[in-house]
Amino acid sequence: MAAACIFCKIIKGEIPSLKLFESEKTLAFLDIGPLSKGHSLVIPKYHGAKLHDIPDDQLSEVLSVAKKIAVAQDLKDYNILQNNGRLAHQEVDHVHFHVIPKPNEQEGLG
Ligand code: 5GP
Ligand code: ZN
């Protein structure tokens, strides 16, 4: 845990979030600034800024949770995105995987 990290605060419940999944090691919640309807973030509860900062055993569940969300949201087209560092457009320095639905034009947004 890092005291000033907004995602650690979300894990601790100090900042509210709309949670989709929670386990001992992993949390998934809706993105506050969605790129499309249902855009979510999946994070290890272990604090680390970049992918290589996270031990494997703390990361092992993250992709399967992203998959569960894709299944639960019945997504057909979607992006899984994970940014590392400012040049790669990372804004929050706690590793997170975006699950970004790509709805068709009839469904609007995105
Ligand atoms: P990045 O650019 O670091 O890959 O993405 C950070 C994401 O975190 C952005 O999509 C942004 O909307 C989201 N975000 C930033 N602050 C908060 C917050 O307080 N709550 C939630 N739910 N999402 C946040
Ligand atoms: Zn953190």
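**Entry 1: ligand 1.** I looked up the shell around ligand 1 first. It has 13 residues, and Ile 32, Gly 33, Asn 83, Glu 91 and Val 92 come nearest. A residue counts as near if its C-beta atom, placed from the backbone, lies within 6 Å. By class I found 6 nonpolar, 5 polar and 2 charged residues in this shell. Nonpolar means Ala, Val, Leu, Ile, Met, Phe, Trp, Tyr, Cys or Pro; charged means Asp, Glu, Lys or Arg; the others, Gly among them, are polar.

**Entry 2: ground rules.** This is a predicted model: local features need pLDDT of at least 70, side-chain atom pairs count only at pLDDT 80 or more, and totals for chains, interfaces and linings use all residues. Residues are numbered from 1 along each chain as its sequence is written, while chains are lettered from A and ligands numbered from 1 in the order in which they are written.

Entry 3: I turned to strand 1 (residues 19-22) and strand 2 (residues 26-30), which run antiparallel and share 3 bridges. Strands are DSSP runs (E, at least two residues), numbered from the N terminus. They pair if DSSP finds at least two bridges between them. Strand 1 and strand 2 form a hairpin, with 3 residues between them. Phe 21 has Ala 28 of strand 2 as its bridge partner. Lys 19 stands opposite Phe 29 in strand 2.

Entry 4: I traced an open sheet of 5 strands in the order 1-2-3-5-4, with antiparallel pairing. Strand 1 and strand 4 (78-81) are its edges, each pairing on one side only.

Terms used:
Helix = DSSP H or I, 4+ residues; strand = E, 2+ residues; numbered from the N terminus.
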